[in-house]
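Welcome! Please take a moment with the sequence and the 3D view before reading on.

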Amino acid sequence: MSVDINTRLAALPAFPTLSGPRVRLRGPRPEDADDVFALFSDAAVMRYWSSAPMQALEQAQGKIEEMLDAFDRREMLNWLIADPRDGRVIGSCTLFRFDARHRRAEIGYALRSELWGRGLASEAVALALDWGFRDLALHRIEADIDPRNEASRNLLGRLGFRPEGVLRERFFVGDEPTDSELHGLLVQDWRDRPR
């Protein structure tokens, strides 16, 4: 099956908006800066990230600009997760590192820590996965996590990802080298998952 993922990405007129029962994925806006800062300045959210928590609102404004620029180049779809009731940004979900030849991408996500444990991140990630497999015709989506991040491992497992190995000291979290645990999900596994 010949699929041109780059053509499909280029044809997007704007960030696709994806809606679930409790979350909506949408493109970032300049007025989201306060919420983006609240998300990425939270030390609990950033515990396993390879960058430090944000220290200033200007960093959130810059991140929104980077998200929009990356979309303009069709290198990344960095959705913001919004509460559909009031539009408040509560997280982010990103498809990135598109590999058109091998029909592969990576996914990443973050959710405000006070909302953990409610299934909101799982719902948001599932929306992005479904869109990536259906609309981009991806064959495989990968996620890599810090092996200490049990909650993220559980989320991926519930969505059908399989652990595929550990890469030693692949990233630095702060000044500490840390391993990276790779998880993969194939389109057929996604289609065949229990509902």
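What follows is a short tour of charges, helices and salt bridges in this structure.

## The model

Please keep in mind that this is a predicted model. The residue names below follow numbering from 1 along the chain as the sequence is written.

Let us begin at the surface. Four acidic residues, E65, E66, D69 and D72, make up a negative surface patch. One of them, E66, sits in helix α3, which covers residues 57-72. Is E66 buried or exposed? Its relative accessibility is 54%, and exposed means over 50%, so E66 counts as exposed.

## Helix α4

Next comes helix α4, made up of 16 residues (residues 120-135).

After α4 comes A137, and the phi of A137 is positive, near 60°.

## Salt bridges

Side chains of opposite charge can pair when their charged atoms come close. How many salt bridges does the structure hold? There are 18, and a few of them are worth a visit.

Start with D32 and R26, whose side chains meet in a salt bridge at 2.9 Å, N to O. Buried means under 20% relative accessible area. D32 has a relative accessibility of 5% and therefore counts as buried; R26, at 3%, counts as buried too.

The pair of R85 and D83 gives another picture. Their side chains form a salt bridge with an N to O distance of 2.5 Å. Here R85 is exposed, because its relative accessible area is 75%, whereas D83 is at 9% relative accessibility and so counts as buried.

In a further pair, E114 bridges to R112, and their closest N and O atoms lie 2.8 Å apart. With 40% relative accessibility, E114 counts as partly exposed, while R112, at 15%, counts as buried.

Conventions:
Predicted model: local features only at pLDDT ≥ 70, side-chain atom pairs only at ≥ 80, totals over all residues. Heavy atoms only, no water. Patch = residues over 30% accessible without salt bridge, like charges linked within 9 Å, V, L, I, M, F, W, Y side chains within 5 Å. Areas by Shrake-Rupley, 256 points an atom, 1.4 Å probe, with all protein chains shown as cover. Lys, Arg positive; Asp, Glu negative; His and termini not counted. Charge placed at Lys NZ, Arg CZ, Asp CG, Glu CD. Helix = DSSP H or I, 4+ residues; strand = E, 2+ residues; numbered from the N terminus. Buried < 20%, exposed > 50% of the residue type's maximum accessible area, 1.4 Å probe, protein only. Expected span 1.5 Å × (residues − 1).
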